[in-house]
Amino acid sequence: AVTFRDSMKRHLFIVETLNKKESLKKILGNNYDVVQIDVRLEGCAESPKNVVADEMGTWGNSFHIENLASIRSKLEQYDRIFISTDPGETGEALALQIKRELGQDTRLERVALQEITQDAVFCSLQNPAAFDRHLAAAFAARQTIDHVFDEAISSFLAARAGIGLSG
């Protein structure tokens with residue numbers, strides 16, 4: 001149950017898409033600020049032989065989050081901060097990077113929404129998920145395989161299809 005004291009608290013929801021932002025704003029109400037991150041995946045441009053895995057095992061792949069500094073500068077005004085990236089390995093890797101870049105703040109919580117309905121949202125707020133390093137590692141493994149084998153697989157598929165590759 002929401003008490004008067006709870007209603008005075010401010011909470012932040014960090015999401016990936018404009019659609020999710022708009023839907024959550026309608027559901028959550030005035031005590032929640034919903035912010036969409038501007039994110040893109042930056043792959044490793046180096047040869048696989050020269051790449052060393054970082055502490056997250058991303059092998060040089062990371063997300064560039066354009067507006068994270070702006071979000072970081074406003075964190076003090078929030079009691080709880082929810083990271084609601086998409087469920088799955090990519091979303092989990094992004095959530096962990098956001099957590100790391102925001103300084104491992106204890107107010108950071110993971111909310112993975114399978115659907116955006118009032119019941120699903122409020123259930124996830126009452127039961128935040130743990131950040132799943134194994135799922136993020138699966139993303140890193142997939143990115144590594146794509147990076148290491150991309151050229152060989154692309155050439156093979158192009159040869160089988162009877163088309164040439166540019167570049």
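Predicted model: local features only at pLDDT ≥ 70, side-chain atom pairs only at ≥ 80, totals over all residues.
The strands β1 and β2 run parallel and are joined by five bridges. Both belong to an open sheet of four strands, whose order is β2-β1-β5-β6 and whose pairing is parallel. At its edges lie β2, covering residues 32-36, and β6, covering residues 108-110, each of which pairs on one side only. Averaged over the sheet and with direction ignored, neighbouring strands are turned by 25° against each other.

Helices accompany this sheet. Helix α2, made of residues 18-28, lies across β1, β2 and β5, and runs at about 175° to β2. Helix α4 also packs on the sheet, where it touches β1, β5 and β6, and its direction makes about 175° with that of β6.

In soluble globular proteins, nonpolar side chains tend to be buried together. The largest nonpolar core here has 21 residues, and among these I14 and I98 touch the most other members. Two or more residues of this core come from each of β1 (11-15), β4, α3 (68-73), β5 (80-84), α4 (89-101) and α6. The greatest contribution is that of α4, which gives five residues. Leaving aside residues up to four places away in sequence, I14 touches V35, I37, I71, I81, F82, I83, S84, T85, I98 and L102, a list that includes I98, the other residue named for touching the most core members.

A pair of aromatic rings is described by the distance of the centres and the angle of the planes. There are four aromatic pairs in the model. One of them joins F63 and F139, which are stacked, with 5.5 Å from centre to centre and 20° between the planes. Because F63 lies in strand β4 (residues 62-65) and F139 in helix α6 (residues 133-161), this pair ties together parts that are 76 residues apart in sequence. With buried meaning under 20% relative accessible area, F63 counts as buried at 9% relative accessibility, and F139 likewise counts as buried at 2%. Elsewhere, ring pairs link F13, Y32 and F82 into a cluster; of these residues, F82 is also one of the contacts of I14.

Definitions and conventions: Residues numbered from 1 in each chain as written. Heavy atoms only, no water. Phe/Tyr/Trp six-rings, centres within 6.5 Å; stacked < 30°, edge-to-face > 60°. Buried < 20%, exposed > 50% of the residue type's maximum accessible area, 1.4 Å probe, protein only. Core = buried A, V, L, I, M, F, W, Y, C linked by side-chain atoms within 4.5 Å. Contact = heavy atoms within 4.5 Å. Pairing = 2+ DSSP bridges. Axes fitted to C-alpha atoms, helices over the stretch in contact; angles between N-to-C directions.
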